[in-house]
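This report describes selected features of the structure shown below. Please read it alongside the sequence and the coordinates.

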Amino acid sequence: MLKFTEDHEWMLVEGDTVTVGITDHAQEALGDIVFVELPEVGATFEKGDDAAVVESVKAASEVYAPIAGEIVAVNEDLEGEPGTVNSAPMDGGWFFKMKPADMSEVEAAMDEAAYKEFLAGLE
Amino acid sequence: MADENLLKTPLYDLHVEAGGKMVPFAGYSMPVQYPLGIMKEHLHTRDKAGLFDVSHMGQAYVRSVDGSDPAKVLEEIMPSALAVLKPGKMRYTLLLNDNGGIEDDLMVTRTFDPEGSLYIVVNAACKEKDYGILEERFAGRLALEPLEDHALLALQGPKAEDVLAELDPRVRDMVFMEGTMVTLEGVVCWVARCGYTGEDGFEISVPKEEAPALAARLLKSDDVEWIGLGARDSLRLESGLCLSGHDFNDETSPVEASLNFALGKKRREEGDFIGGERILKELAEGTSKRLVGILPSGRAPAREGVEIADMDGNVIGQVTSGGFGPTVGGPVAMGYVPAELAEAGTDIQLIVRGKMLAAKVAQTPFIEQRYKRKKVS
């Protein structure tokens, strides 16, 4: 199950963990990414909390926790290769994995078709 | 979304056509980047040649009204040796206030006209302020004539000379901080060998109707790409060049801002300019704070406003410019620290999002400046 947020994050559900990253639209808007700050494994967040930071040449942006839950893994490769977020935002550029407090929060998010419609509405 | 109150430069349509991402800057709609992106635009400029639209900057002639030397008159509020400027020579200088603070930095060039008139270029964001200061202070002595009918292009990078020489080979004879009239594509332009990137290059003042055609001609070269404000900022930061209103302001003195090189040799002995008393005292006794280069030890950029701490965690200053340096390949910054911690190599800390990050005071420029200076024969 692949879900999206209005903050341009994607969530991939596999079993009881949710992998989180930013969408192609988001990486495109941010530009060349030069630094990613990831949360600590074990940290817990409420939905909307600042969970990570992504910095382009020009500016720093927050990545919000798309759901409430606990961080169970982070993509340490991004520390050395932050540009992966640009080149493979939906794949190697994932940020962290969460154990959701409430899986129904994930299920309620937009599916791919709804996100595409949401993007079209932004133009 | 277009803001109708924003001004457009004569090159606006070309930027939009080139896919420029237009943002408001100093009252103008300006391209912050093109499809190439800030990183590649930056590296392209250092590798080949970048074309910048800097038409938002303030170009003006300063002429004498009462027969005096306009450069000598400007020396009252600018601490550089300006009266000695020969036709075609230019200086980087500072517009000071009564307290010796820096209102703006600017370029002053002696033109070839027999009255010794000057051509100045001031920062876009300070245009109205600077013009107001000059007009008020020098009423009846100097006439300020803004050149509103001219665009300003900057062509910067190691290939800039070859590209511009295709249009007029005489530009090869110019050296850093020299300007002259050159005919490019049949249009008389003022060309100066200077810039804001740390690279060799030129600034071209061109009548606004002719500017799009000249820009299009320069872009025909495979070596030339449009470069936006984003890379302009990272290029100048790597070169250790100050941004007016950020790395200094109207309270900062030239000594605090580490701009002693802009003080004329004789002038710093005599202090015959406004604020001279403070500046002479600071030259003799030092200042409590100094602008320095900063190299964060890790990968996290430290941006403007980040607090600087000593090794005990006491806040001692602030970052005034900072970001990622694509040529350096890591974060670079500038900021103010107490004079006793201003020596290159001194360990400091940066407070980024509540965390203490290791950093060192560093020499600027962070890269090697590659200006074409006069050959020593």
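## Overall form of chain A

The model is predicted. Along the principal axes, its C-alpha atoms fill a box of roughly 35 × 35 × 20 Å. Of the 123 residues, 46% count as buried.

The secondary structure of chain A comprises five helices and nine strands. Their order along the sequence is β-β-β-α-β-β-β-β-β-α-α-β-α-α.

## Backbone geometry

Most residues other than glycine have a negative phi, and most peptide bonds are trans. Against this background, two non-glycine residues and one peptide bond may be noted.

H8(A), which is not a glycine, has a positive phi of about 65°. This residue lies in the loop between β1 (2-4) and β2 (9-14) of chain A. H8(A) counts as buried because its relative accessible area of 14% is under the 20% cut-off. S258(B), also not a glycine, has a positive phi of about 55° and is found in the loop between α7 (229-238) and α8 (267-270) of chain B. S258(B) is partly exposed, at a relative accessible area of 30%.

The peptide bond from T364(B) to P365(B) is cis, with omega near -5°. P365(B) belongs to the segment after β19 (355-362) of chain B.

## Surface charge on chain B

A surface patch of negative charge is formed by E128(B), E148(B), D149(B), E209(B) and E210(B). Within this group, E128(B) is placed in helix α4 (residues 127-137) of chain B. E128(B) is exposed, with a relative accessible area of 62%.

Note on methods:
Residues numbered from 1 in each chain as written. Chains lettered and ligands numbered in written order. Predicted model: local features only at pLDDT ≥ 70, side-chain atom pairs only at ≥ 80, totals over all residues. Heavy atoms only, no water. Patch = residues over 30% accessible without salt bridge, like charges linked within 9 Å, V, L, I, M, F, W, Y side chains within 5 Å. Areas by Shrake-Rupley, 256 points an atom, 1.4 Å probe, with all protein chains shown as cover. Salt bridge = Lys/Arg side-chain N within 4 Å of Asp/Glu carboxyl O. Lys, Arg positive; Asp, Glu negative; His and termini not counted. Charge placed at Lys NZ, Arg CZ, Asp CG, Glu CD. Helix = DSSP H or I, 4+ residues; strand = E, 2+ residues; numbered from the N terminus. Buried < 20%, exposed > 50% of the residue type's maximum accessible area, 1.4 Å probe, protein only.
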